[in-house]
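Okay, thanks for coming, everyone. Let me put the model up, and then I'll walk through the strands, the side-chain pairs and the overall numbers.

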Amino acid sequence: MKRFSAVVLAIVLLAAPLAQASAWEWWAPTLPSTPPVTQPSWPVNPSPNPTPNPNPNPTPNPNPTPNPNTPILPVQPSKPSPGQEVPLPNPSLTSQEQKLINQVNEERIKNGRQPLQIDYTLVSLAKQKSHDMAVNSYFSHVSPTYGTVYNMLDQAGVSYSRAGENIAKTGDVNRAHTLFMNSSGHRVNVLHSGYTHIGVGIVKHGTSYYVTQIFIKK
């Protein structure tokens, strides 16, 4: 199947990924202090010539029983399952995603192009890609989990003769369309006459929105 790669450069508007660190907690046992030596008790004779007592009975305790706290061994923090930090996206098309598709079609109609049809398999794949970027803290057209958009389409069994992908990371999801249209490469995907279908997925993580648009020609 012949492919025409329309993948374009990624856009980064906001927020470097936050570094997270974990540490093991060590608890040391409390060691007993050196036991005081009990001095023998000597009788006191106030007379000027005291008679020594050759058989004192000291009662030292040379073998105290220490009672340290039981140490708590360190525990390796469990690694959260993929997606645990970032909630899975709503499988349905959200109002923000629908708005972005509407904006794409408005631009296409304004420029004499046919509007794109919504393909819900593409919507699902776009959501997966945006979620994957949020979970794994990267911003790229090549996913460490899924590979390229072509890998994702092939794995999902999508039939296409042309495919492209736009991605954006922004602090204001309402700016995503403007960002795409102000970039020549992204704009080409939005207005390309060869595409027939679109899917959009948006995932928010922290203060950032990860936006993925997938275009194909069937």
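So, strand S3, residues 162-170: 8 of its 9 residues are buried, so the strand is largely enclosed by the rest of the structure. Buried here is under 20% relative accessible area, exposed is over 50%, and partly exposed is in between, with a 1.4 Å probe and protein chains only. The strands and helices I'm naming are DSSP runs, numbered from the N terminus: E of at least two residues for strands, H or I of at least four for helices. Before I go on, this is a predicted model, so local features need pLDDT of at least 70 and side-chain atom pairs count only at pLDDT 80 or more, while totals for chains, interfaces and linings use all residues. Residues are numbered from 1 along each chain as its sequence is written, and side-chain values use heavy atoms, with hydrogens and water left out.

Who does S3 pair with? That's S5, in the antiparallel sense, over 9 bridges. Pairing here means that DSSP finds at least two bridges between the two strands.

The rule takes rings of Phe, Tyr and Trp (its six-membered ring) with centres within 6.5 Å; planes under 30 degrees apart are stacked, over 60 edge-to-face, and the rest tilted. The pair is Tyr195 with Phe215, and they're stacked, at 5.4 Å centre to centre with 25 degrees between the planes. Tyr195 sits in the loop between helix H5 (184-191) and strand S4 (197-205), and Phe215 is in S5, so the pair ties together parts that are 20 residues apart in sequence. Both Tyr195 and Phe215 are buried.

While we're around H5, have a look at His186, which is in that helix. His186 counts as buried because its relative accessibility is 2%. Its side chain makes a polar contact with the side chain of Ser183, at 2.7 Å. For a polar contact we want a pair of N or O atoms within 3.5 Å; within protein, one must be able to donate a hydrogen and the other to accept it, and residues adjacent in sequence count only if both atoms are side-chain atoms.

On to charges. The search of the whole structure gives 4 salt bridges, meaning a side-chain nitrogen of Lys or Arg within 4 Å of a carboxyl oxygen of Asp or Glu. I'll show you some of them. Take Glu97 and Lys127, with the closest N and O atoms 2.8 Å apart. This pair links distant parts of the chain, with Glu97 in helix H1 (residues 95-110) and Lys127 in helix H2 (residues 120-136), 30 residues apart. Both partners, Glu97 and Lys127, are buried.

Then there's Lys218 with Asp119, 2.7 Å from N to O. Here the partners are 99 residues apart: Lys218 is in the segment after strand S5 (208-217), and Asp119 is in the loop between strand S2 (117-118) and H2. Lys218 counts as exposed, at 55%, whereas Asp119 is buried, at 9%.

Lys110 and Glu107 make another, at 3.5 Å between the closest N and O atoms. They're 3 residues apart in helix H1, so about one helical turn separates them. Buried or exposed, for Lys110? Exposed, because its relative accessibility is 62%; Glu107 is buried, at 15%.

Last, zooming out. The protein chain has 5 helices and 5 strands, running β-α-β-α-α-β-α-α-β-β from the N terminus. Of its 218 residues, 35% are buried.
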